Amino acid sequence: TVFTGYATVTQTEIVDTTISGFLAPYSGTVGARFGTVTYEGDNGLTGDYLQVGTTRLADALSPSANFFTSRVSAGGTNLTNRTPASVNNLGIDAKVVDAPGVVPNRATSTNVRFATNGDFYYPAALTTQIDLYAPTIQGTKTVTNLSGSWPARVGDVLEYSLAFSNTGVDSAISSVVSDVLPANETFVPGSLRFTAGSNQGTKTDASGDDQAEYDAATRTVRARIGSGASGTAGGTLVSNSTATVVFRVKVDPAAAGTTLRNTASLAYRAETLAKNYTYQTAEVATPVAEEADVSITKTASADPVTAGAEGTYTLTARNAGPSTAAGVQVVDTLPSGVTYVSSTPSSGSCSVAGTTLTCGVGSLPSGASATVGVVVRIPSDSDATSVTNVARVTSTTSDPDMSNNKDRKSTRLNSSHTDI
């Protein structure tokens, strides 16, 4: 808690303030830290002090009878990660002091006094950090790709694990976990289960019949954890207990090239303080690889073709998405016996080596296409009745369907020979 203001402290002016609204642990040493920002707290002038309850605070750099010494420190150590990192800050004093045991057990308030028997000063801020008799929730959310790939790919199944522990001294009651699924992933029906804590086992997706459900309308996984949890109410997460909720999702096609980001939360009520709190886990991020379904079709300008004439093939590469296809390459294996004449790509360039024509057409956005026109000559003395031309397309972007990456075209031939 931070309290701000401005006051004057002299030998005849004392500043008292009361901090309340907390409940200290019932047993053990109560941990506490107090921080201050003051002005005109000179190292060479003594008598100034900060008192909590009946105890004057002190540490290695801040004696109890000369507390404000123009230092910038924490825990009795000068803070040097600043510019300039002066030891004597010429009247500006900012510090945090550890004060274990100063606040009594079961305390709900304490008095703080700024006073002096000598040096005058001006307090401007007071900060407090006091252990509470309350639940202390620690939560984690992790993801495992059950399909084994990283980054994830479209169609992969991800398993999320949500673990919540109470490391505090009081119980967390009415404990309910919520996880709103991000866009572009689909909940796997029947995958909800508790793997640690009370009520372990598989849960149905429906509401009201056990301690968890999936609400398709709001895309929310909801789980009531802790002892005594039911189909309608959260249970009690007692001190030093843990509950873990696990479920699965499937990566949708629209997730390609994005990152799935997700957090989970635990809503609970501190039993003794009777106050409601919500704990939110750190975000878990799952990158998804880009994906592009490229395909190719091949057509001929004439069928049949007369031996000795030229024939033109048109190769069309298409990208059905969802991502841009990078490094798209068309490879045309020319039939044995034909002669390559020329090629005309709609983008990029082509090269030929023997009977293999390779064309790099660059990137194709989702829904786009590129063409390559290929002209060949059929030998005039060919006795073949047909020729078959095979073309393939590839991309450096992951392709979910390889069955449409090849096409072949058979063209009938008419002989140019004349019988006598």
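Lining the largest pocket are Phe3, Thr4, Gly5, Tyr6, Ala7, Val15, Thr17, Phe114, Pro123, Ala124, Ala125 and Leu126. This is a predicted model, in which local features need pLDDT of at least 70 and side-chain atom pairs count only at pLDDT 80 or more, while totals for chains, interfaces and linings use all residues. Residues are numbered from 1 along each chain as its sequence is written, and side-chain values use heavy atoms, with hydrogens and water left out.

A word on the terms: on a 1 Å grid over the protein atoms alone, a cavity is a set of points where a 1.4 Å probe fits but cannot get out, and a pocket is an open set with protein on both sides within 12 Å along at least five of seven lines; lining residues have an atom within 4 Å of a point. Grid points are joined across faces, edges and corners, and a volume is the space filled by probe spheres set on the points.

| Space | Volume |
|---|---|
| Largest pocket | about 190 Å³ |
| Largest cavity | about 60 Å³ |

Strands here are DSSP runs of E with at least two residues, numbered from the N terminus. Strand S1 (2–4), strand S2 (15–20) and strand S10 (122–130) each give at least two residues to the lining of the largest pocket, and S10 has the largest share, with four residues.

Lysine 203 sits in the loop between strand S16 (201–202) and strand S17 (212–215). Lysine 203 is buried but has no salt bridge, and the nearest side chain of opposite charge, aspartate 210, is 5.7 Å away. Buried means under 20% relative accessible area (1.4 Å probe, protein chains only), and a salt bridge needs a side-chain nitrogen of Lys or Arg within 4 Å of a carboxyl oxygen of Asp or Glu. For charge, Lys and Arg count as positive and Asp and Glu as negative, with His and the chain ends not counted. The lysine 203 side chain does touch Leu192, Arg193 and Phe194 among others, if residues up to four places away in sequence are set aside, with contact meaning heavy atoms within 4.5 Å.

Valine 251, in strand S20 (residues 241–251), is buried too, with a relative accessible area of 2%.

How values were computed:
Buried means under 20% relative accessible area, exposed over 50%, partly exposed in between (1.4 Å probe, protein chains only).
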